[in-house]
Amino acid sequence: MRIRIQHRTAYIYEEPAAAIIQVLRLTPRNHEGQRIRYWRIDMDQDVQMQSGEDAFGNVVHNICFTRPLDDLTVTVQGEVETHETHGVVKGTMERFPPGLYLRETPLTQSDVALRKFARDRAGKGAVLDQLHKLMEAIHREMEFNTKPTDVETPAAKAFELRSGVCQDFSHIFIAAARSLDIPARYVGGYMLRTDGQIRQEAGHAWAEAYAPDIGWIGFDPANNLCPSLTHVRVSAGLDYLGAAPVRGSHQGGTAERLETTIMVEHIGAQHQQQQQR
Amino acid sequence: MYLADIYGKQTCVKAGIVPEDLVWRNPAYRPEMAGVAVPHGVYVHIAGVDIVRIDADDFYVLEDNARTPSGVSSLLGGREICFRLMADLYGAHKVAPVDNYPDELVSTLRSVAPRGTTDNPTVAMLTPGQFNSAYYEHSFLADKMGVELVEGRDLFVRDACVYKRTTEGPKKVDVLYRRVDDDFIDPLAFRPDSMLGVPGLFGAYAAGNVTLANAVGTGAADDKAIYTYMPEIVKFFLSEEPILKNVPTWRCRDPKDLSYVLDHLPELVVKEVHGSGGYGMLVGPQSSKMEIEDFRARLKASPETYIAQPTLALSTCPSFVNSGVAPRHVDLRPFVLTGANGMKIVPGGLTRVAMREGSLVVNSSQGGGTKDTWVVEL
């Protein structure tokens, strides 16, 4: 399946920021389930980008502005061809053994309630089976709601509220899996909506967990499915912070305002529609 | 070597020398460091090794400090005071000087500047600020070293290089002797709420444009759980027996060791793996029954976070106390500097004294004192 993505982020400062520095993880890489046809990051302000790779294999761009800016728009666009792998993730850059992904981070720390939930819902079956049960239970018992949580909400808190967004669902899944000694990690990316809606408010997030004999498998607890053709994997990390599309800091300037628009569309579908006309 | 390995090829984990979870799940391990080439391959530029003597000839390593060991200002200050009080003693003996430590430190730091920097690299000392308990040492050392003492807000990153703000405009910094913990050095790489760090610093470091001393993630080599594996680690990399022995240690994560420890609590010293400063520890022989039982419960709840050691008969030194001269227990922390051209050991060290009679806890945060220490040429 061919998916076209356009992701625009505008930063607007009421008073100009004297300096801005950002670390971007906005560039997907090839693996068995996806091939990048083209990808580019554009800035509407003149700047030099330093690119590199972090320990988790993500492509990282560092940008910094040392002159005052009123606003900045970052546009990412590209086209990705996805292939059916039934959620299994192969061909990624792996620097660490799965055991590293048992580490707890502040955002994925489990508490007594979450550990009990994990034990009760996952049951005693094979790891793959446990993971599916966990995903289903999170999907069933959590309410999707953008209001009560934000990017800093840890898993245990979102679980207590029983609501949140895909980031919270993923953190809960990761924390629960790790509490069962199953390595798990956070994935940021884009998802093609099956209802035909192209414009989206935010990027997507899901989790990957490691099952012996199979390897890394994607689990999308917000949608209760294993990511396949519709998902474009961009970054991975121990939690949201490690995979965050943008981590930035600005000096001076007030009231940073953010406007994000994301368009994810199926190119083949468009062609078909045109042909039908 | 151990650090280069766990952030690189991971051979000692694969060989089963150190249990996987002690490396990968160690809070002081920084996955972000994997694959980062540290300048000149040096991770621990400044190490403090705590050593104790338990009988006439036997010295044991009590603890390694590979993060940001402190106490050098007490070492230098102690020497200065003693020299003023007893100058004639220094005339009568050939005492190796320690006051060149700041110069040695600067030359060590200069030697590890990133390749391609000028012949005269700029060194700066990064402090969390005046509210830090070691701020005195930071300002004292920076002054003696003749380098600038900076806080996070005095620095900024541009195009993956670190600069300090000066009245004459930005000046590039090549080596940062940082006394800010890993968690706080860069809000874009580690704790996002840190106000003490420099946004983008880790990016500049990973790009190889600045040296951090010590490197990020060195704590993975000095915690008390890894300590128990040090003799094996030394053998694995060097095929040699370590010269300095470890204190025999029971790993409470091991069920057999744990049951021994639980049975012998009143005679052991039990420490938290990630504790420091003498907090969260039990000195069996000097604790009440209630304290021991209380600790037993904590130990049972999370055994893997504790180690136990026999209560050592630490050597004593005559000390001036209120009642006159009396023996007090001591340990010794020599400082080891590692630069691009090898290692240097300060001929002296920080001798820490447990001021309370009979006490074995020498940490300054627990009311410990210090002594001047001589290396004498005969």
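In this predicted model, A:Leu134 is in contact with A:Ala118, A:Arg121, A:Ala122, A:Phe173, A:Ala176 and A:Ala177, its neighbours within four places in sequence being left aside. A:Leu134 belongs to the largest nonpolar core, which counts 157 residues. Together with A:Ile172, A:Phe173 and B:Val162, A:Leu134 touches the most other members of that core. Helix α4 of chain A, spanning residues 166-179, supplies the largest share, 8 residues. In chain B, both domain 1 (2-241 + 315-371) and domain 2 (248-310) contribute residues, so the core lies between these two domains. In soluble globular proteins, nonpolar side chains tend to be buried together. A second core is separate and has 6 residues. Among them are B:Val330, B:Val353, B:Val361 and B:Val362.

Chain B also holds an open sheet of 4 strands. The strand order is β5-β4-β9-β10, and the pairing is parallel. The edges are formed by β5 (148-150) and β10 (211-213) of chain B. Each edge strand has a single partner, so one side of each is left without a neighbour in the sheet. From one strand to the next, the twist averages 30°.

Within chain B, strand β4 (residues 123-126) pairs with strand β9 (residues 175-178) over 4 bridges, in the parallel sense. One residue pair can be named here: B:Val123 has B:Val175 in β9(B) as its bridge partner. Helix α7 of chain B, residues 135-145, lies across β4 and β5 of chain B. The helix runs at about 150° to β5(B).

Definitions and conventions
Residues numbered from 1 in each chain as written. Chains lettered and ligands numbered in written order. Predicted model: local features only at pLDDT ≥ 70, side-chain atom pairs only at ≥ 80, totals over all residues. Core = buried A, V, L, I, M, F, W, Y, C linked by C-beta atoms within 7 Å. Buried ≥ 20, exposed ≤ 12 C-beta atoms within 10 Å, placed from the backbone. Helix = DSSP H or I, 4+ residues; strand = E, 2+ residues; numbered from the N terminus. Domains from an automatic or database assignment. Contact = placed C-beta atoms within 7 Å. Pairing = 2+ DSSP bridges. Axes fitted to C-alpha atoms, helices over the stretch in contact; angles between N-to-C directions.
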